[in-house]
Structure formats: structure tokens, C-alpha cells
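Please look at the sequence and the structure first.

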Protein chains: 2
Amino acid sequence: MYITIIGSGNVATHVAAAFKNAGHKIIQVYSRNYQNAALLAYHVGAEAIDNIEKIDPAANIFVIAVKDDAIAQIAARLAVHQKLIVHTSGATDLFTITKLNPLAGVFYPLQTFSKVKEVDFWQVPLCIEGVNDQITQQLEDLARTVSNNVQRVNSAQRKILHLAAVFACNFPNGLYAIAGQLLAQHQLDFDLLRPLILETAQKVQNNVPLDVQTGPAIRNDEQTMAAHLDLLSNEPQLQLIYKILSQSIIKMGAEHNADK
Amino acid sequence: MYITIIGSGNVATHVAAAFKNAGHKIIQVYSRNYQNAALLAYHVGAEAIDNIEKIDPAANIFVIAVKDDAIAQIAARLAVHQKLIVHTSGATDLFTITKLNPLAGVFYPLQTFSKVKEVDFWQVPLCIEGVNDQITQQLEDLARTVSNNVQRVNSAQRKILHLAAVFACNFPNGLYAIAGQLLAQHQLDFDLLRPLILETAQKVQNNVPLDVQTGPAIRNDEQTMAAHLDLLSNEPQLQLIYKILSQSIIKMGAEHNADK
């Protein structure tokens, strides 16, 4: 496929590299910032452009990987070419494109990308959606050239996935940061927690989370929870986080046991 | 070393196996429940007992791996032998033992253990504390026979570590469970999130969490956060969790950037 990438951020970078590695031709990389476009374009053997007027209409597909609130305006500018346009956003409706361009789809990689770390794209769940069966099939075929985990997911489901990903990724990372701050305040190294963090994530690769839940909340160990809240007496925000997450675990644990 | 294990739960099981694999002799395994004692004793070639009167005083060290609130009463019963007694608890003071038995220490493995999954004990951070330098050294030597990550940690620091572990392990696992419930409610499979969960934990193995924080909160993307809260309109408890964790990430992100 002849593919043009709109954007030069984390998602654009990893998606463009995956397409190139699969043998597709990346024609152009567009970014408002020419240097960013040039850096990614260099890596994937494409032309860098910072002016959307210079879009080459030879592309079979435009892949928009920009901030959610910029998708509509980019799609509006690309609609003149009447090509297939897809976005890569979990939180954005397919309608954002279809209202401007009839050939539309979604290509949502459900993974957290950062430029500091390689990702095995073959393992990345790719959630695809097309405006009709033909486009859905076309996107599925394209997705299978870069991932072993391709799923058809409609816009309503994709929004739930995006929300769930916040709970499963962004919030846990925020909790890692809190734990790191508690350690730093007491001259303890974050390295002490790293094996625990990894093991916690590895355990749910083959188990249901509530089956492997540990800690004072799931045991309803009120003495330990009270001691922990006491240690946080100068940190009311952390006390609140501790209380409501513990309550949630206690409640889920009780329901989970009732289901057994 | 001749070691007796008091307890037959997750920690007792993994610690006993690590000692045995390192060539130590497990003399006895005690549990109130004889069947549990027998199961673990069988695996580590020890005698199973369910009566603390039958303790063999030939042990060099008693390792108490029972519920926190049972440590003191067990230590009181073992004190008659005047041997080294250590507990394995993150939340329990060394004084809980020293007030009953002068030869006392702590041997706290900072990992989440479950009987369903093997753990590479060499990677487990072992936090040790002794009532005096000689015992501390003795415990450090013992610890180094089973782990490459041995740390001297006092009781005050250990309590912080235990609290931090709740934020870094128990709460993230609870959030995985919430994410799984959101998916199940919309006929989506938890497998879609598993690579994301693993990658999130892997990213902080070589990075500081706030440097790799992603998602709407760290971007202060108010539109997406409002849409997510809207999706949770029937789940007030999840809305509250979403709000306070997002606020925490926004605040930490701002402070982190100010530090740069």
C-alpha cells in the first residue's frame, strides 16, 4: 500500500515504522513542524512536508495520527483527494471523518507508545472499523500485515476500550509515580519496587485480576489499612486515593467471591 | 542453615522453596492446619506439625510467615527456645519480636506471591533488619544465598515500602479489575488490554514513571476527560476514582515539569 502519515508523535512514529517494516511504501509524512516531519520521514524513507497543500494524492490511504481535537480539521483538508482516510484515536467517533469524507475508517492501536522504547508491534491489539464492509475488510487486511492481534471494534466499543485503557495503563502509571515519591521522601530507591510492578502486570497475563488480588484491602485487614492511612496523615490527597481504591477492591472482591 | 518455617501461605511457600533450593535444610513446617503444613513440608522435605509444642529446637532460625496479627503470639510461643526468630512482614515492627525474644530480625521479601505462579526469587528484593549488627550480618548472609537484591531497611523505612507497595501493586491490580469489568459490560475481551498492562509495567523498569506518563490527564485534555466521565455517568464510584487519580496525575505532572 502507498501510505501517507499525518502526524509525527508517538503513535505516528510507531505506526509508520510498522508499515514500513511490513513492506508498505510511506510516501509522505506531514507535520506542522517540519523538523519533526523530517525526522520521522528520514526513518521511514518518505518525503517530509509541513504544508498540507503539498499532499501527494498518489497515496492509497491517509493515516491521521494527531491530537484528537485536530482530526476533524485535517480530515477536512484531505477530503478534496477523495481517498481512504483513517484516524488512530480511541476516543474519536468514525463520524468525525465520514461527515467530511465518505471513505473512512479507524485504525486504533491499543498500546502505550513512547519514543524511548521499542514495542513489538506484532503483539499490539489493532482495533479497526470501516464505514462499510469493503473498507473494514481492506483495513483488516492492512492491519494483519503489521499485527497478529486485529479486532473489529465499533465506535461505541472503542470509546469504552479507550476509557478502560486509562484505568489499566495511565492510572497504574500514576500510582507508580506516587509510590516512587513516597520512597524518595524516605531515602529509598525506586528499584526496590520495580520487580513488584513487573510481576503484578505479568500475573494478569494469564489470570483474572481479582483472582490474584493481594494486599490489605482484599483481606479486609482493617488494622493495616488504618496504619497506612496514619502514615499518610500529612497527605490528604493520598489518603483519599488510598480510601476509595481500597473500598473499590473490597467491594469487587466481595462480588467476585459471591459469583464463585 | 537449619530453618523452620512457621506458616504455609504464599510467602511461606515461596520463601521455603527458595531456602531449600539454596541448599538449606528445612526442618519443620508449622501450620494450624495440618494438611496445609503437610503439603508445603512435602515439597521442601520437612516434617509437618500443627502443634507448636512439637517444635524441634535444633533449628538455627525460625521464619514466621503468618498473618500480621498472629506474629506476636507465635513469637511468644517460640521464645522458650531462645533462637533467632525473624518475621517476613512489611507492616510489622521488629519490636513485635524483640519484646519477647532478644534474638530477632526481619526478612521481608518485597514481591507479590501467589501459588498459581512461579517467581524468580533471585530477583526478589529482600529487605532485612536485625536487632544488632551481628544478627543483621547473619541475615544478610542468609539472604544472599537466595536473592541478588538484598537491602538493609529499618522498621520505619520498611513500613513506607509496604505502603508504597500497595500503591505500586495492589491498587494497579484493582484498576486492572475495574478495566476488565468495563470491557465485560460491553462484550469486549480482557485480552485486548493485556499487552498494554505489561508494556506499562515494562516501561518503568528503565524509566521514571512521570517521564513515561501518557493519557488525557497528563496532557490536561479536558475534552477527553469530560467524555470519559460521561461514559461513567451510571458509576459514581468509578467517576470519583477517575477524577481524583486524574487530579493527582495533573498535579504530579506540573511539579515534575517545574523540576526539570
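The sections below cover the basis of the model, the sheets, the helices on them, the salt bridges and the interface.

## Basis of the model

The model is predicted: local features need pLDDT of at least 70, side-chain atom pairs count only at pLDDT 80 or more, and totals for chains, interfaces and linings use all residues. Residues are numbered from 1 along each chain as its sequence is written, chains are lettered from A and ligands numbered from 1 in the order in which they are written, and side-chain values use heavy atoms, with hydrogens and water left out.

## The sheet of chain A

Chain A has an open sheet of eight strands in the order β3-β2-β1-β4-β5-β6-β7-β8, with mixed pairing. Its edge strands, β3 (47-49) and β8 of chain A, each pair on one side only. From one strand to the next, the twist averages 25 degrees. Strands are DSSP runs of E with at least two residues, helices are runs of H or I with at least four, and both are numbered from the N terminus. Two strands pair if DSSP finds at least two bridges between them.

Strands β6 (residues 104-109) and β7 (residues 126-130) of chain A run antiparallel and are joined by five bridges. Phe107(A) stands opposite Ile128(A) in β7(A).

## Helices on the sheet of chain A

Helix α2 (residues 34-44) of chain A lies across β2 (25-30) and β3 of chain A, at about 165 degrees to β3(A). Helix α3 (residues 71-78) of chain A lies across β1 (2-6), β2, β4 (61-64) and β5 (84-87) of chain A, and runs at about 160 degrees to β4(A). Axes are lines fitted to C-alpha atoms, for helices over the stretch in contact, and angles run from 0 to 180 degrees between N-to-C directions.

## The sheet of chain B

In chain B, an open sheet of eight strands has the order β3-β2-β1-β4-β5-β6-β7-β8, again with mixed pairing. The edge strands here are β3 (47-49) and β8 (150-152) of chain B. Strands β5 (residues 84-87) and β6 (residues 104-109) of chain B pair in the parallel sense over three bridges. Gly105(B) in β6(B) is the bridge partner of Val86(B).

Helix α5 (residues 133-144) of chain B packs on the sheet and touches β1, β4, β5, β6, β7 (126-130) and β8 of chain B. The direction of α5(B) makes about 155 degrees with that of β7(B).

## Salt bridges

Over all chains the count is 16 salt bridges, each a side-chain nitrogen of Lys or Arg within 4 Å of a carboxyl oxygen of Asp or Glu. One is formed by Arg152(A) and Glu140(A), whose closest N and O atoms are 2.4 Å apart. Arg152(A) lies in strand β8 (residues 150-152) of chain A and Glu140(A) in helix α5 (residues 133-144) of chain A, so the pair ties together parts that are twelve residues apart in sequence.

## The interface

88 residues of chain A are in contact with 88 residues of chain B, contact being heavy atoms within 4.5 Å. The area buried between the two chains is about 8,300 Å², and carbon and sulfur atoms give 70% of that area. Buried area is the accessible area (1.4 Å probe) that two parts lose on being put together, summed over both. Phe167(A), Phe171(A) and Leu192(A) supply 8% of the area that chain A buries against chain B, more than any other three residues.

Across the interface of chain A and chain B the rule finds zero salt bridges.
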